[in-house]
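This report describes selected local features of one protein model. Please consult the sequence and the structure while reading.

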Amino acid sequence: MMQFAWQSYKRYAMGKNELQPLTKDGYQGNMFGGLSGATVIDSLDTLYLMELKEEFQEAKTWVEENFHLNVSGEASLFEVNIRYIGGLLSAFYLTGEDVFRMKAIKLGEKLLPAFNTPTGIPKGVVNFKSGSNRSWGWTTTGSSSILAEFGSLHLEFLHLSELSGNQVFAEKVRHIRKFLRKIDKPFGLYPNFISPVSGNWIQHHVSVGGLGDSFYEYLIKSWLMSAKTDTEAKDMYYEALTAIETHLVNVSPGGLTYIAEWRGGNLDHKMGHLACFSGGMIALGAEDAEEDKRAHYRELAAQITKTCHESYDRSDTKLGPEAFWFNSGKEAVATQLSESYYILRPEVVESYMYLWRQTHNPIYREWGWEVVMALEKYCRTEAGFAGIQDVYSSIPNHDNKQQTFFLAETLKYLYLLFSEDDMLSLEDWVFNTEAHPLPVNHSDSAGRVGGQL
């Protein structure tokens, strides 16, 4: 599947950000500030891990010869960080090839103007030409920073400081952490929107899905990546998880455990596909919980993952919708067409991988194989993989995009689900939120990974 996805991209869209499989051409978009080759950068580590040596060499050559950073558009701080910087860092740590390290650091420097705000909370959009920054226009009041975006920089920025010797990256993210630690949180919950100017929360909307998701993930992963020395991250993670469990976790009449969304005290009884990473996250964090809570968190992780599986199993295609509800007798299904699409997202198979690594219960591999078969049946087109517009229709209506995260995450997590546990051992690696592996900072590991850390 990876070979087919890569070869289709190479044939029709090489150097463009994404392949459009139906029209057999490339898509640039405007999320990356004029940077090209998002699919190339996102695919590097997957190609390398799968030992697709020829394909990896093609990707590396493209980076060396054609990946130019002198661009002048407006970029998403978050997307450039998790896809490009994450992808380059992983490629460096896996191969030791300095071209990846150098480009990651240079790109990191281009993101720094986003942090020029009164609070040090970065704005979401940075202009690569002028160095100006702004918030996304669609956010609340058009002037908010998003929790998942400014909260998902920590892993990559610490590595940028480590590899460059420039402490500015680490200082920026430590300042964000300090700010969030100090600020008052409603019921211990973190709302999704904050003003980077005043430092106040804007609206009390809380979600473990989109807008919130990877902030929580980066807390527990910061603890793990630090070889369990970053106790601040660990404490903040368990405090947040306790608040989530108290206020957002519910069990449906049919016995399905889900994480609702909170709007100033009212609950929306729905989960987004993006929230389905949380089963894996809670499993990953369970090992370091207090002893009397470990079994509880393992069970919670298994139950949430089972609910996300149900959202797949209750569709005609065995692929899950973008969002699914628990109300008026309906459970784990989308209630309107606008939420019934599937865009090759990885979060459910990500949780299967973590649960498999923790339990070795064969059900997770069975569920993963169901996804493989469904992807092949409903998402494979003549020229690459595409999302589908309605998971409840067995006659697929494809969208026209092979998402970069399909190669970076969905296929990687499926591959790891069927690999031995020592393939990117969870003792030695943490995955950024785009599934790019970053090494754990074992103090004795100097020279062990790519000659660094």
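Two strands are said to pair if DSSP finds at least two bridges between them. The model discussed here is predicted. In it, 3 strands form an open sheet in the order β8-β11-β12, and the pairing is antiparallel. Strands β8 and β12 stand at the edges with a single partner strand each, so one side of each is left without a neighbour in the sheet. Strand β11 is joined to β12 by 3 bridges, and R263 stands opposite N266 in β12.

The strands of this sheet cover the following residues.

| Strand | Residues |
|---|---|
| β8 | residues 205-206 |
| β11 | residues 261-263 |
| β12 | residues 266-268 |

A further strand, β1, spans residues 18-20 and contains E18. Is E18 buried or exposed? E18 has a relative accessible area of 5% and is therefore buried, as this term applies under 20%. The side chain of E18 makes a polar contact with the side chain of K401 at 3.4 Å. Among the residues that E18 touches are Y9, Y27, R83, Q402 and T404.

Helix α8 comprises 15 residues, 168-182. From its first C-alpha to its last, helix α8 reaches 21 Å, close to the 21 Å expected at 1.5 Å a residue. The buried residues of α8 are F169, A170, V173, I176, R177, F179 and L180. These buried residues pack against several other elements, including the helices α5 (98-111), α7 (154-164) and α10 (231-247) as well as strand β7 (193-194).

How values were computed:
Residues are numbered from 1 along each chain as its sequence is written. This is a predicted model: local features need pLDDT of at least 70, side-chain atom pairs count only at pLDDT 80 or more; totals for chains, interfaces and linings use all residues. Side-chain values use heavy atoms; hydrogens and water are left out. Helices (H or I, at least four residues) and strands (E, at least two) are DSSP runs, numbered from the N terminus. Buried means under 20% relative accessible area, exposed over 50%, partly exposed in between (1.4 Å probe, protein chains only). A polar contact is a pair of N or O atoms within 3.5 Å; within protein, one must be able to donate a hydrogen and the other to accept it, and residues adjacent in sequence count only if both atoms are side-chain atoms. Contact means heavy atoms within 4.5 Å. The expected span of a helix is 1.5 Å times one less than its number of residues. Lists of a residue's contacts leave out its neighbours within four places in sequence.
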